[in-house]
Amino acid sequence: MSIPTLQKYHKESYPYIAPSRPEISQSGRTVVVAGASTGIGFAIARAFVDAGSKRVILLGRRQNVVEDAASKLNTSGNNVAEGRVADMADGDSINKLWSDLQAEGIYVDVLVLSAAAMGKSVPILEGGSGSTWADYETNVRGPLNMTERFYKQTTGQGQKFLVNVSTIAIYMWTTMGPERPTYGLTKAAGTALVQQIAKDTSSDDMQIVSFHPGGVLTEASRNVGYNENMGIRFDDENLPGHFAVWAASKEAAFLHGRFVWANWDMEEIKNGPVGERIQSDEHYLKVGIEGLTEKTGGAQF
């Protein structure tokens, strides 16, 4: 469920997060989008192209697929988008990507972590430790490797923006994808990971925002059984696409280290009771234990 105090709920993009807004322009920036061949990742890459980015690098595991995706974004002849191979589960693949970028003198301003392993549709102990750990490799270790290389770039300087595509499955254990237990489990760990990094990093150095992209009918969701005939009104893919652009702007600095939904109205979040709560409670909208607050944890001192 959404936050009860919120009055607005978006299923499509809206003017405040539109890539055409000058206040969230990505002009002059180089953007890397992991998992950008299809679905939400592709919509995010497209939004950054629309926001005026200098270069948008789409990452995928299959060379021909990711190159085809990039070519679809270069229809106007601007040649802003390019496809490169990188497998989030393969540390050597990630290291090669960043070594190549460094050798080419490319400084990345924005990193979007959109790649994910959905996990098997079996209980953890039936799937086995190897299968579970493989999902950790993609959803936790991969984002860590990407974030570390992003943060430690030596090819330039300037504020960096990390946008982490998370999911409500990190806390809605019994209602969102319970048949795929490692998905929510590993995505929760990945979100907690970037949350901890944000705690130790100034937003002026590297701003970090995690978000639930909404219920978009993507290729991945079709592969796990979702379709148009389920009576569900799916969200438009431009909603998370445009939200990611907004999250990579200074307007989103107040959400550094937090988790939000793309469906929420960001003007209402920033200027209403939720924004006030964010300012007064450093643990609000962060990964934790439902019913317990990090302020005391229930302990008596």
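Begin by selecting G28: at 46% relative accessibility this residue counts as partly exposed, a class between buried (under 20% relative accessible area) and exposed (over 50%), computed with a 1.4 Å probe and protein chains only. This is a predicted model, in which local features need pLDDT of at least 70 and side-chain atom pairs count only at pLDDT 80 or more, while totals for chains, interfaces and linings use all residues. Residues are numbered from 1 along each chain as its sequence is written, and side-chain values use heavy atoms, with hydrogens and water left out.

**Around G28**

G28 sits in the segment before β1 (30–34). Helices (H or I, at least four residues) and strands (E, at least two) are DSSP runs, numbered from the N terminus. Next, show G52, K54 and D109, which G28 contacts once its neighbours within four places in sequence are set aside; contact means heavy atoms within 4.5 Å.

**The whole chain**

Along the principal axes, the C-alpha atoms fill a box of roughly 60 × 45 × 45 Å. The radius of gyration is 19 Å, which agrees with the value near 19 Å for a compact globule of 301 residues; the radius is taken over C-alpha atoms, and the globule rule is 2.2 Å times the number of residues to the power 0.38.

Colour by accessibility: 52% of the 301 residues count as buried. Of the contacts between residues at least 6 apart in sequence, 74% join residues at least 24 apart.

**Helix α9**

Select I269, in helix α9 (residues 266–271). I269 counts as buried because its relative accessibility is 0%. Apart from neighbours within four places in sequence, its contacts are L6, F254, W264, V274, G275 and I278. For L255, 14 residues from I269 along the chain, the C-alpha separation from I269 is 9.8 Å.

**The cavities**

A cavity is a set of points, on a 1 Å grid over the protein atoms alone, where a 1.4 Å probe fits but cannot get out; lining residues have an atom within 4 Å of a point. Grid points are joined across faces, edges and corners, and a volume is the space filled by probe spheres set on the points. The count is three cavities of 30 Å³ or more.

For the largest, of about 80 Å³, select L113, A115, N139, P143, N164, T186, K187, G190, T191 and V194. Helices α5 (129–151) and α6 (181–199) each supply at least two residues of this lining, and α6 gives the largest share, five residues. By class, the lining has four nonpolar, five polar and one charged residues; Ala, Val, Leu, Ile, Met, Phe, Trp, Tyr, Cys and Pro count as nonpolar, Asp, Glu, Lys and Arg as charged, and the others, Gly among them, as polar.

The second largest cavity holds about 50 Å³. Select K120, V122, P123, I124, G127, G128, S131, T132, D135 and T182 to see its lining. Two or more of the lining residues come from each of α4 (124–127) and α5, with α5 giving the largest share, three residues. This lining divides into three nonpolar, five polar and two charged residues.

Key
On a 1 Å grid over the protein atoms alone, a cavity is a set of points where a 1.4 Å probe fits but cannot get out, and a pocket is an open set with protein on both sides within 12 Å along at least five of seven lines; lining residues have an atom within 4 Å of a point.
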